[in-house]
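User: I would like to learn how to read the features of a model like this one. Please take me through them briskly.

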Amino acid sequence: MNGDYMEHVENAKKVIRILKKNGYEAYMVGGCVRDKLLKMPISDIDITTNAKPTDVMKIFKTIPTGLKYGTVTVQHNESKFEVTTYRMDENYTDFRHPDKVIYSTNVLDDVHRRDFTMNALLLDEHGNITDHVNGIKDIKSGIIRAIGDPKERFKEDALRMLRAFYFQSKLGFDIDSMTMDAIKEVGQNIEHVSKERVLDEIMKMLKGKHLKKALNSMVESNIIQYLDGLEKGIKFIATLDEMPFTDAFFGTCFVLNKEVPQTLPFSNKHRHKYQQVIELVDKYQIFDNVALYTYGLELCLLANKVSFILGKAKYAKKQIADAYEALPIKSDLDLKLRASDIMKLLDRKAGAWLGELQREMVLAILNGKVQNTKEALEAYVLSHQ
Ligand code: ATP
Ligand code: MG
């Protein structure tokens, strides 16, 4: 544990003490308590309290980050904490957000609205844990268990099902069998959750150490049939020994799916990258100079990785990197005969012909038919007009 981390915890304790001095209850809750018990690094500390957001705002320097859900961010010394008022959530009609957040004065309500037993432990400023849901036992035996009736809880908020797989990938836990059965039953509800949230959760999952285990659970639960474009890929990747990183994961999924689904909200850059991977894996087992030049090193390496994962090519990172380094030209900006010189030489005005001729010159250089020197290119241009 480093100093910053200790300071962060101390600041959280101070915030709790200040809230208590003002007559409120307050605890650290959620992932920070779970990860502390697991002796894992803690990312952020969430605080739950019976103080209303307006009360919290009177006491601390705050940022109103989630007022709709009763959350304000408190800044104390160098630390920031999300402080959320005890809540019970009423009526989830859109499968994701509660229609109305109702504040509660009873911490038990707040504990029971949380997703999994391991995420509902309360930690006070003295280091004592209060456990109303047998969460400690589940953490010790490595079990992800929904609080209450899992089917109801997943119907309220379908994203919780993906959260179960994310936590499995992060922690390597097993999913309790009733919780798993509920996912099998109501998995289709994930279709109602915004694709941004689905993709976020999957991205988080992909970074986990126990990804293979999570992917196998996803296959077992059948939820994959409701995840656009990922079903075949997840089934396949779950069988591998080595888990791919994010780009290779999506690349493999979309090659097997034959397209990048329109519904998945990737940035244009990522969408384009995955589309090009589909194209490259389809066209090349090995990359010639023209392919390396046209698509660039990064994409060719990714396509090779995906082809390798799919058993279509040898893993050739070094050969590809060496071949790229050895390219006689890497960009049309590197042509040793400038556009203005070409126009002068041929006594022609700029036009579409110029770009075409430059492309032709680049191809000739890549294919070893001409050298990238001013003299050689002048001779080439004169003999090819
Ligand atoms: P991580 O290590 O990923 O941050 P975390 O448990 O802190 O894990 P967060 O998404 O940061 O997860 O949420 C904080 C806490 O809020 C959770 O531990 C859980 O108690 C509660 N929570 C978050 N999302 C939900 C949800 N969809 N339904 C119910 N409770 C939730
Ligand atoms: Mg968290």
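Analyst: Start with a loop. Asn134 sits in the loop between strand E9 (129-130) and helix H5 (135-141). Helices (H or I, at least four residues) and strands (E, at least two) are DSSP runs, numbered from the N terminus. This is a predicted model: local features need pLDDT of at least 70, side-chain atom pairs count only at pLDDT 80 or more, and totals for chains, interfaces and linings use all residues. Residues are numbered from 1 along each chain as its sequence is written, chains are lettered from A and ligands numbered from 1 in the order in which they are written, and side-chain values use heavy atoms, with hydrogens and water left out.

User: What is the phi of Asn134?

Analyst: The general idea comes first. Most residues other than glycine have a negative phi. Asn134 has a positive phi, near 60°.

User: Which loop holds Asn222, and what is its phi?

Analyst: Asn222 lies in the loop between H10 and helix H11 (231-237). Its phi is positive, about 75°, although Asn222 is not a glycine.

User: Why do Asn134 and Asn222 count as partly exposed?

Analyst: Use the cut-offs. Buried means under 20% relative accessible area, exposed over 50%, partly exposed in between (1.4 Å probe, protein chains only). Asn134 has a relative accessible area of 48%, so it is partly exposed. Asn222 is at 42%, so it is partly exposed as well. Asn216, in helix H10 (residues 211-221), has 35% and therefore counts as partly exposed.

User: How are the domains divided?

Analyst: Domain bounds come from an automatic or database domain assignment. Here the chain is divided into domain 1 (1-141), domain 2 (147-227), domain 3 (241-327) and domain 4 (333-383). The C-alpha centres of domain 2 and domain 4 are 57 Å apart. Asn216 and Leu337 are 121 residues apart in sequence and 56 Å apart in space, C-alpha to C-alpha.

User: What is in contact with Thr65, leaving aside its neighbours within four places in sequence?

Analyst: Contact means heavy atoms within 4.5 Å. With those neighbours set aside, Thr65 is in contact with Thr71, Val72 and Thr73. Thr65 belongs to strand E3. Its relative accessible area is 47%, so Thr65 is partly exposed.

User: Which residues have the most contacts inside the largest nonpolar core?

Analyst: In soluble globular proteins, nonpolar side chains tend to be buried together. A nonpolar core is a set of buried Ala, Val, Leu, Ile, Met, Phe, Trp, Tyr and Cys residues joined through side-chain atoms within 4.5 Å. The largest one has 111 residues, and those with the most contacts inside it are Ile47, Ile190, Met205, Met218, Phe249, Phe250 and Phe254. Another core, of 9 residues, lies apart from it; Tyr27, Val29, Val111 and Ile147 are among its members. Beyond four places in sequence, Phe250 is in contact with residues including Leu199, Met203, Phe266 and Tyr274.

User: How many residues line the largest pocket, and which lie nearest its centre?

Analyst: Take a 1 Å grid over the protein atoms alone. A cavity is a set of points where a 1.4 Å probe fits but cannot get out; a pocket is an open set with protein on both sides within 12 Å along at least five of seven lines; lining residues have an atom within 4 Å of a point. Grid points are joined across faces, edges and corners, and a volume is the space filled by probe spheres set on the points. The largest pocket holds about 1200 Å³. It is lined by 38 residues, with Asp46, Glu82, Arg113, Arg114 and Arg163 nearest its centre. H7 gives the largest share of that lining, 6 residues. Domain 1 (1-141) and domain 2 (147-227) each supply at least three.

User: How does the lining of the largest pocket divide by class?

Analyst: Ala, Val, Leu, Ile, Met, Phe, Trp, Tyr, Cys and Pro count as nonpolar, Asp, Glu, Lys and Arg as charged, and the others, Gly among them, as polar. The largest pocket has 10 nonpolar, 10 polar and 18 charged lining residues. The second largest pocket, of about 260 Å³, has 8 nonpolar, no polar and 2 charged.
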